[in-house]
Amino acid sequence: MEFRVRRAEPPDLDTLVAFTLAEAEEAEGIALDSSAVRRGVRAGLEHPATSSYWVIEGPDSAPVGSISIVREWSDWRAGDYWWIQSVFVTPAFRGRGLMKRLLAAVAAEARERGALELRLYVHQGNENAVRAYEHAGFSAAPYLVMSAEL
């Protein structure tokens, strides 16, 4: 089967929203507000400086997975960290190396644009994702992610 990674475009909005909602449910067991997700994905598609999206298409050109990144400026190193914000591959297409292809496409563009490194965070309880990211070359970083509700 032939698969192709490409930059997502505005017509991919509905698919990206569906993938994001499914990812949140699967990874953390949460049901996100679909209208908020739609606004968020649309903003990223319209403003690539905010976030960027890619899709991987199956043989019939329909998206079967996606990945997105956000950028974080480092004043310590005068460059951007590219944070993997989301990765999703539809269940029927898992186990075929598609996540690795999505990550490779993002890594290639990150290198081309002078990014410092790829980073991501993953829910500690999502053991499948942790193993998949480790298999793709990621390792635990010496940071603890903290948050404060606003």
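**Reading strands, pairings and a buried Glu**

In the hairpin of strand 2 and strand 3, 5 residues lie between the strands, and Ser61 takes a positive phi near 70°. Keep in mind that this is a predicted model.

Trainee: Which residue should I look at in the next hairpin, the one of strand 3 and strand 4?

Mentor: Go to Ala78, which takes a positive phi near 55°. That hairpin has 4 residues between its strands.

Trainee: OK, how do I read the two faces of a strand?

Mentor: The general idea: side chains in a regular strand alternate between the two faces of the sheet. Now try strand 2, residues 51-57. Ser51, Tyr53, Val55 and Glu57 sit on one side, with Ser52, Trp54 and Ile56 on the other.

Trainee: Which strands does strand 2 pair with, and in what sense?

Mentor: Strand 1, residues 4-7, runs antiparallel to strand 2, with 4 bridges joining them. To check it on screen, find Val5 opposite Ile56. Strand 3, residues 63-74, is also antiparallel to strand 2, this time through 7 bridges. There, look for Tyr53 opposite Ser68.

Trainee: Can we follow Ser68 onward? What is its bridge partner in strand 4?

Mentor: Ser86. Strand 3 and strand 4 run antiparallel and are joined by 10 bridges.

Trainee: What does the side chain of Glu57 pair up with?

Mentor: Arg6: a polar contact of 2.5 Å joins the two side chains. Beyond its neighbours within four places in sequence, Glu57 is also in contact with other residues, including Glu2, Phe3, Arg4, Ala62, Pro63 and Val64.

Trainee: Last one: how does strand 5 join in?

Mentor: Strand 5, residues 117-120, pairs with strand 4 in the parallel sense over 4 bridges.

Technical notes:
Residues numbered from 1 in each chain as written. Predicted model: local features only at pLDDT ≥ 70, side-chain atom pairs only at ≥ 80, totals over all residues. Heavy atoms only, no water. Buried < 20%, exposed > 50% of the residue type's maximum accessible area, 1.4 Å probe, protein only. Helix = DSSP H or I, 4+ residues; strand = E, 2+ residues; numbered from the N terminus. Pairing = 2+ DSSP bridges. Polar contact = N/O pair within 3.5 Å; in protein donor to acceptor, adjacent residues only side chain to side chain. Contact = heavy atoms within 4.5 Å.
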